Amino acid sequence: MNEALKEVLDLLDLEQIELDIFRGRSPEERIQRVFGGQVAAQALVAAGRTVPSDRNVHSLHAYFIRPGDPSVPIVYNVERVRDGRSFTTRRVVAVQHGKAIFTMSASFHIAEEGVHHQAATMPQVPAPETLPTFQERMREVVGDDPEWRAWLERPRPIDARYASPLTWEAHKDPSLRSAETNVWFRCDAELPDDPLLHVVLAAYASDFTLVDTVLLAHGLAWGASNVMGASLDHAMWFHRPFRADEWLLYAQESPWSGGARGLARGQMFTASGDLVVSVVQEAMIRITNP
């Protein structure tokens, strides 16, 4: 297990400071704001620790209210909204400097039998083992730029393999622009069998590439265009059990953008084609001056 993944697992091991109150920290990196996937994942951990172990999360709906400050801890206050016979509902508010930076509602459900169908079909893309890593693809883009090279050499908790163009590639070549992105990802180490851990890591990873699908349609790229973006809200539905240490295909599309906002949708499939997670996110997308 690489150090980056160990760090993420440590970040998800929240400190309980009072009944239904938890404290989380951010990585010791020089970044301006906390990664949204981290806040969502930590909030889901906080909610999950107040729910009986026989109930698994099936949906979450979240709003990013203010940028998170990575230099101070985040306090997660959990409200026990409802404990029913089949469903449990929790509301989480993440607080820094006395103000809410993030809110989330999550619903948990006991295992039940019911009707089943899957209309979604996994896109036909190359197997992840045949694709270069994200770092290998980016090295071709950035060349010998020392600042980018230093960024690429940092270990990453998630192994991502793109089966579609990168935003940086489409920025250079307009013919590669598309409103669809397909990315294989997994945690590159065997993880414990805790179902909540695998769901939380999928929530963490879900925020890495979804907004990029909006940028890809317009040939924009972080650090290469005059673009500023931030997640506004995020919703996820967890359909069936899965493992985050096995390959998942994240099929993403952006059906609309306008008014300084962009909408993106995603579906996560196992390698065998089972749909396990659905995701929707709206983000702020602003074009800034040079």
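**Fold, packing and charges**

Tutor: The secondary structure of the protein chain comes to six helices and 12 strands. Keep in mind that this is a predicted model.

Student: What radius of gyration does the protein chain have, and what would a compact globule have?

Tutor: The protein chain has 19 Å. A compact globule with 290 residues would have a value near 19 Å, so the two agree. Along its principal axes, the C-alpha trace spans about 55 × 45 × 40 Å.

Student: How much of the protein chain is buried?

Tutor: Buried residues make up 49% of the 290 residues. The accessible surface comes to about 14,600 Å², and 50% of that belongs to carbon and sulfur atoms.

Student: Which share of the contacts joins residues at least 24 apart?

Tutor: It is 71%, counted among contacts between residues at least 6 apart in sequence.

Student: On to the core. How many residues are in the largest nonpolar core?

Tutor: That core has 61 residues. Leu44, Tyr76, Phe102, Met104 and Met268 have the most contacts inside it. Helix 6 (residues 195–216) gives the largest share, 12 residues. Another core, of 11 residues, lies apart from it, and Met138, Val142, Leu166 and Val183 are among its members.

Student: What is Tyr76 in contact with, leaving aside neighbours within four places in sequence?

Tutor: Its partners include Leu14, Ile21, Phe22, Val39, Val92 and Val93. Asp20 and Gln42 are also among them.

Student: Now Gln281. Buried or exposed?

Tutor: Gln281 is buried, because its relative accessible area is 2%, and the cut-off for buried is under 20%. Gln281 lies in strand 12 (residues 275–287).

Student: What does the side chain of Gln281 make a polar contact with?

Tutor: The side chain of Asp207, at 2.7 Å. Beyond four places in sequence, Gln281 is also in contact with residues including Leu210, Ser231, Asp233, His234 and Gly262.

Student: Where is Val125 found?

Tutor: In the loop between strand 6 (99–110) and helix 3 (134–142). Val125 counts as partly exposed, at 22% relative accessibility. Not counting residues up to four places away, Val125 touches Ala163, Asn182, Trp184 and Leu249.

Student: Switching to charges. How many salt bridges does the structure hold?

Tutor: The structure holds 15. One of them pairs Arg49 with Asp13, the closest N and O atoms being 3.0 Å apart. Arg49 lies in the loop between helix 2 (36–48) and strand 3 (55–64), and Asp13 in the loop between helix 1 (3–11) and strand 1 (15–18), so the pair ties together parts 36 residues apart in sequence.

Student: And the accessibility of Arg49 and Asp13, what is it?

Tutor: Arg49 is partly exposed at 40%. Asp13 is exposed at 52%.

Student: Which residue does Arg80 meet in a salt bridge?

Tutor: Asp20, at 2.8 Å, N to O. That pair links distant parts of the chain: Arg80 sits in strand 4 (residues 74–83) and Asp20 in the loop between strand 1 and strand 2 (21–24), 60 residues apart. Arg80 is partly exposed, with a relative accessible area of 41%. Asp20 is buried, at 11%.

Student: Arg161 and Asp159, buried or exposed?

Tutor: Both are buried. Their side chains meet in a salt bridge of 2.9 Å, N to O. Elsewhere, salt bridges that share partners join Glu7, Asp10 and Arg25 into one network.

Notes: Residues are numbered from 1 along each chain as its sequence is written. This is a predicted model: local features need pLDDT of at least 70, side-chain atom pairs count only at pLDDT 80 or more; totals for chains, interfaces and linings use all residues. Side-chain values use heavy atoms; hydrogens and water are left out. A nonpolar core is a set of buried Ala, Val, Leu, Ile, Met, Phe, Trp, Tyr and Cys residues joined through side-chain atoms within 4.5 Å. Buried means under 20% relative accessible area, exposed over 50%, partly exposed in between (1.4 Å probe, protein chains only). Helices (H or I, at least four residues) and strands (E, at least two) are DSSP runs, numbered from the N terminus. Contact means heavy atoms within 4.5 Å. A polar contact is a pair of N or O atoms within 3.5 Å; within protein, one must be able to donate a hydrogen and the other to accept it, and residues adjacent in sequence count only if both atoms are side-chain atoms. The radius of gyration is taken over C-alpha atoms; the globule rule is 2.2 Å times the number of residues to the power 0.38. Accessible areas come from the Shrake-Rupley method with a 1.4 Å probe; for residues, only the protein chains shown count as cover. A salt bridge is a side-chain nitrogen of Lys or Arg within 4 Å of a carboxyl oxygen of Asp or Glu.
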